[in-house]
There are 2 protein chains.
Amino acid sequence: MVVKINENYLKLKSSYLFVEVARREAEFTKANPDADVIKMGIGDVTKPLVPAVIDAFRKAVDEMADGETFMGYGPEQGYDFLAEAIIKNDYNKYGVDLDTSEVFISDGAKCDTGNIQEIFGIDNKIAVTDPVYTVYVDTNVMAGRTGEMGDDGMYEGLTYLKCNAENGFIPELPSEPVDIIYLCYPNNPTGTTLTKDQLKVFVEYARENKAIILFDAAYEVFINEDDVPHSIYEIEGAKEVAIEFRSFSKTAGFTGTRCAYTVVPKELKGYDSEGNEVEINPLWNRRQTTKFNGASYPVQRAAEATYSPEGRKQILEVVDYYMANAKIIRESLTDIGLEVYGGVSSPYIWVKTPNDMDSWDFFDVLLNEANVIGTPGSGFGPSGEGYLRLTAFNTLENTKEAMDRISKLEF
Amino acid sequence: MVVKINENYLKLKSSYLFVEVARREAEFTKANPDADVIKMGIGDVTKPLVPAVIDAFRKAVDEMADGETFMGYGPEQGYDFLAEAIIKNDYNKYGVDLDTSEVFISDGAKCDTGNIQEIFGIDNKIAVTDPVYTVYVDTNVMAGRTGEMGDDGMYEGLTYLKCNAENGFIPELPSEPVDIIYLCYPNNPTGTTLTKDQLKVFVEYARENKAIILFDAAYEVFINEDDVPHSIYEIEGAKEVAIEFRSFSKTAGFTGTRCAYTVVPKELKGYDSEGNEVEINPLWNRRQTTKFNGASYPVQRAAEATYSPEGRKQILEVVDYYMANAKIIRESLTDIGLEVYGGVSSPYIWVKTPNDMDSWDFFDVLLNEANVIGTPGSGFGPSGEGYLRLTAFNTLENTKEAMDRISKLEF
């Protein structure tokens, strides 16, 4: 007997993407110490928390200073005050009813989308879009639901749903049966969306095939198109087949503050090995109560403030600021003849590389010649090759400056 | 194909302990609406955050309000400012050197002790003490490392190391080989400790058997005995065989604020199926960077303040307050002829039930006749039967009142 590691971890390719981006940036900065490098790579926000959120956050910290108002352990699922605000503002508004027991507040959508697979069996067949937010893939590799990565950059046993300019970034239904489908819309990394009718196709598929959709809507607040659903539950019957993930990270600048939530409807069912229906909500409740101890109380109060009339107004102003950047990026790049996608209902702009350049070559051109950092699309999966992601999260000034510099390049 | 649940979850007994405690309390309160019930059950703190912590927390919230000082995504492993304070104050002070890359800051020790098993293979043989903090057991059940629970209250395939008055609460080494041993000292729930020599026996066992010790030291701040180690790394060679978990929850009242950390030394090794050594630190790093996004920035600043001279003085005053309660509980119960354990280097007092009463019967006597709520020892495992846990986390006034009431009972 010796202690054995989880060997599935050895199948993971090192998280080379952002590490390699950072390495090339560091190398460039060392060689060009005076260069003014503009970062449009990692999807982190730059604007501070809005005043209404800060006020609520401060007030809650003050509560923690007084024995009469001090808050110890809270519910692992989060406080009802926040769950109720979420239901009222993020769901009722779109005609969706939920009970507070269906809303699980957490410290991040990365955690939730990473942990959710634990409550499902190892033998489920998983589908992801390609390109993809790598957490969906890596967490399934770690759990043992895949084989090794092949030379094509795909893990054996995973189903990849290709999304590129040729299919308008609309994934086709899996050609082989799958049990769990990860969808992220508005999409990270491509910035594209699905209309209600396009998403409905997946809901129907899941209903017919007794599959489950893990729907990541972390970028919901950026939706600007009328036919794009804000929640998958706007589609009839979706509660029976979908879990939805949301976050305050991009909505309200909580990337360093940490708050998110996951909706697991009571109607949602899975199956045991004998084919009996099993409710999914109690499984996630059990997972969270066993391995999580609730999000920080002052943080939950800060999140609640994003739903006050003042808070809402303030966070939407920040969203508008970023979306104005997105527009500038889209228009500037289109003007110089580049093909761009996304950036309408998303802070991400997905740029086709000129002249069939590969993603890393285009990254190097932008870094070396315009001192602008993007993220090579190939880092998000094989179908991301030939694209590069830019984010609208920088300042207006930097965004304009970056576009000016790129516009002067010759491709 | 249909979506399959993780059937290991079905092996879990519902978390009946605190639910049943709450049910009996509610029933009693309904029947006796005027009764002044004193809660000494759940291990939650009651004193507010100390002023130095509040100041740092407020200051960090203010930083989040300004674009110049705003903090977005931080390192998943936590900020160096906190890791450095941890190393200096919690380790160097006891002669232990660590690198910041060996300290992983998180939102809770429950999360870390629950998640750590993911990086190990499913086929490891696990040992826990009995009674035990149930998270260690349940997370291994959920992962599939056990069979069903037997009539004896023990899961098939798990090794239970009995701890009761007969062996002085010193677990014996496993009689069959094990790969991973969970130890929690000062112990939850018994409040007992291991001396350096007693803990050394386990370190030697792990070294000889290529096993790993998961050492939960969440109650370290309460240690009052000179021969009790503050860290397992005070024992020579322990870095090669032990992971240590710490928390700010009980140390500084962070139960609702959320901050903890886990130490994974670079020297620690596991093995792949071919017997090759594999470093454990990069595996945990990979787990955390893939499934976690760092603890809240203001919370990390608040935690850092517990190490300032003023912060330290203030939190130790709170610890002294609780430990004065523990002394009152120990002495009051001893005076009326009850056998009590723990409460010297721990906020938990483990009371032997009088007249071989079972745990729940004694719970009912205390609730009905003294209106005091404890936690039945049997809820922590079969060897907890015949004991009841009381905590020192209530106010001095309530603690005295509870002891007065219990002292008037006749057993």
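Which side chains meet in a salt bridge at 3.0 Å, N to O? In this predicted model, the two partners are E76(A) and K110(B), whose side chains form that salt bridge across the two chains.

**View 1. Salt bridges and polar contacts between chain B and chain A.** The pair E76(A) and K110(B), with an N to O distance of 3.0 Å, is shown in the setting of an interface across which eight salt bridges are found. Across the interface of chain B and chain A there are also 48 residue pairs in polar contact, both residues of each pair being at pLDDT 80 or more.

**View 2. The side of chain B that touches chain A, by element and by residue class.** Two or more residues each are given to this side by α2 (51–63), α4 (109–115), α5 (134–143), α7 (249–252), β9 (269–271), α8 (281–291) and α9 (297–304) of chain B. The largest share comes from α8(B), which provides six residues. Divided by class, the residues on this side of chain B are 36 nonpolar, 26 polar and 24 charged.

**View 3. Extent of the interface between chain B and chain A.** Here 86 residues of chain B are in contact with 86 residues of chain A, and the area buried between the two chains is about 6,900 Å², with carbon and sulfur atoms giving 59% of it. Within chain B, the residues that lose the most area to chain A are V3(B), Y73(B) and R286(B), which together account for 11% of what that side buries.

View 4. Contact between the domains of chain A involves 33 residues of domain 1 and 46 residues of domain 2, and about 3,100 Å² is buried between them, 61% of it on carbon and sulfur atoms. On the domain 1 side, K11(A), R312(A) and S345(A) lose the most area to domain 2, together 20% of what that side buries.

**View 5. Polar contacts and contributing elements at the domain interface of chain A.** Between domain 1 and domain 2 of chain A the count of salt bridges is zero, whereas 13 residue pairs, both residues at pLDDT 80 or more, are in polar contact across this interface. The side of domain 1 that touches domain 2 receives at least two residues from each of α10 (309–335), β11 (340–342), β12 (348–352) and β15 (387–391) of chain A, and α10(A) gives the most, with seven residues. By class, that side of domain 1 has 17 nonpolar, 11 polar and five charged residues.

Conventions: Residues are numbered from 1 along each chain as its sequence is written. Chains are lettered from A and ligands numbered from 1 in the order in which they are written. This is a predicted model: local features need pLDDT of at least 70, side-chain atom pairs count only at pLDDT 80 or more; totals for chains, interfaces and linings use all residues. Side-chain values use heavy atoms; hydrogens and water are left out. Contact means heavy atoms within 4.5 Å. Buried area is the accessible area (1.4 Å probe) that two parts lose on being put together, summed over both. A salt bridge is a side-chain nitrogen of Lys or Arg within 4 Å of a carboxyl oxygen of Asp or Glu. A polar contact is a pair of N or O atoms within 3.5 Å; within protein, one must be able to donate a hydrogen and the other to accept it, and residues adjacent in sequence count only if both atoms are side-chain atoms. Helices (H or I, at least four residues) and strands (E, at least two) are DSSP runs, numbered from the N terminus. Ala, Val, Leu, Ile, Met, Phe, Trp, Tyr, Cys and Pro count as nonpolar, Asp, Glu, Lys and Arg as charged, and the others, Gly among them, as polar.
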